[in-house]
Amino acid sequence: MKLVRSANYSSILNYVLMHVGATLCFFVKPELGAVGIALALYFITGGLGWSVGIHRGLIHRSFKTYRWVENCLALLGALSGLGGPISSSRTHFVRDFCQSNQGIADSELPRKFWRNYLRSPFFCNSWLEPATHDSISETLRQRTFFRWLEHRWVLIGVMATLLYSIGGLTYVVWGLFARVTVSANVFACFDYFCHSPKWGQQRFQLVGASCDGRNNWLVGLLTCGEGWHNNHHAMPTSQRMGVGRFEVDLGYAMICGMQWAGLVWDLMPPECALKSNALPIVINPTDSTNDGRAS
Ligand SMILES: [Zn+2]
Ligand SMILES: [Zn+2]
């Protein structure tokens, strides 16, 4: 089996467009409201939408919710600029397959930052040959609304129109171009910083896996919890990624808020989601006195 990559020209065009648009921040008059809405949208679309709704909700089924809540979260996630539910699920499947198994040709995570960056979904499509069945993506594909969420340019147009009608060009520059540029760069850097022994710590070792991820607190903050990536490798279906007292996981806080409001239920606790091949480097993954350092 081998991993195959090809240039994703639509993504590359989007990446370039967003970066060029973001440079307009230096030319438009700064407005507090525009910066505020960009910040709010960063966490609402990237955190609540993509991390909670698409990643933890649709891909890992780590909680149950109403179908309309699923649709709303998926819409928010698609507006993050990180991909719709189906494409995100496909990318996730390929990566997870390569990292959970050994010996897949060309799947090794490169040690060089730029090689890693340029292999992110913002530049490349990736798939396995021979094709391997991906039941989650196939299930998501059956929903018309999710297929619609894969229309990147429509979503960008809707977002730009909305922001322009609220506050004019400054809101579009900050709330769309600058925000998506930051999101894209954070996630393009993710693979390197969350898999490199230089930049993170481990709570678990994954027996038989080609990669077991690293926990990085800064990435954890910027991605609403996704940076606790070694925890996620070990407990992929857990709705909670930061499991220690100091492992800030905004996505988990959002899920708790939704649970309090009665919007989600049957949350998967970390200890029940632990994979059979995950060997804890500490005994209790929820032990708040643990500092997450390998010993
Ligand atoms: Zn990983
Ligand atoms: Zn995952």
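At roughly what angle do the axes of helix α1 (residues 9–22) and helix α9 (residues 169–193) cross, and within what distance do they come?

1. Basis. This is a predicted model, in which local features need pLDDT of at least 70 and side-chain atom pairs count only at pLDDT 80 or more, while totals for chains, interfaces and linings use all residues. Residues are numbered from 1 along each chain as its sequence is written, and chains are lettered from A and ligands numbered from 1 in the order in which they are written.

2. Helices α1 and α9. Their axes cross at roughly 125° and come within 8 Å. Axes are lines fitted to C-alpha atoms, for helices over the stretch in contact, and angles run from 0 to 180 degrees between N-to-C directions. That angle makes α1 oblique to α9 (under 35 degrees is roughly parallel, over 145 roughly antiparallel, 65 to 115 roughly perpendicular, and the rest oblique). The crossing is left-handed, a term for a near helix turned anticlockwise from the far one by less than a right angle; clockwise gives right-handed. Helices (H or I, at least four residues) and strands (E, at least two) are DSSP runs, numbered from the N terminus.

3. Residues of that contact. From α1, Y15, M18, H19, G21 and A22 meet V173, F177, A178, V180, T181 and A184 of α9. Contact requires C-beta atoms, placed from the backbone, within 7 Å. The contact residues comprise 8 nonpolar, 3 polar and no charged (Ala, Val, Leu, Ile, Met, Phe, Trp, Tyr, Cys and Pro are nonpolar; Asp, Glu, Lys and Arg are charged; the others, Gly among them, are polar).

4. Helices α2 and α4. The axes of α2 and helix α4 (residues 85–100) are 10 Å apart, at an angle of about 65°, and the crossing is right-handed. I54, L58 and I59 of α2 make the contact with P85, S88, S89 and H92 of α4. By class there are 4 nonpolar, 3 polar and no charged residues.

5. G36 is exposed, with 12 other C-beta atoms within 10 Å, whereas S51 is buried, with 28. The cut-offs are 20 or more other C-beta atoms within 10 Å for buried, 12 or fewer for exposed, and partly exposed in between, with C-beta atoms placed from the backbone. S51 and T223 are 172 residues apart along the chain, yet their C-alpha atoms are separated by 7.7 Å. Beyond four places in sequence, S51 touches residues including T223, C224 and G251.

6. Helix α12. In α12 (residues 250–260), L250, G251, Y252, M254 and I255 are buried. Their cover includes α2 and β5 (264–265). Just after α12, G262 has a positive phi of about 80°.

7. Backbone points to check by eye. Most residues other than glycine have a negative phi, and most peptide bonds are trans. R61 has a positive phi near 50°; this residue sits in the loop between α2 and β2 (64–65) and is partly exposed, with 13 other C-beta atoms within 10 Å. D266, also not a glycine, has a positive phi of about 50°; its loop runs between β5 and α13 (270–273), and D266 is exposed, with 11 C-beta neighbours inside 10 Å. E129 and P130 are joined by a cis peptide bond, with omega about 0°. P130 is in the loop between β3 (124–129) and α6 (135–141).

Technical notes: Contact = placed C-beta atoms within 7 Å.
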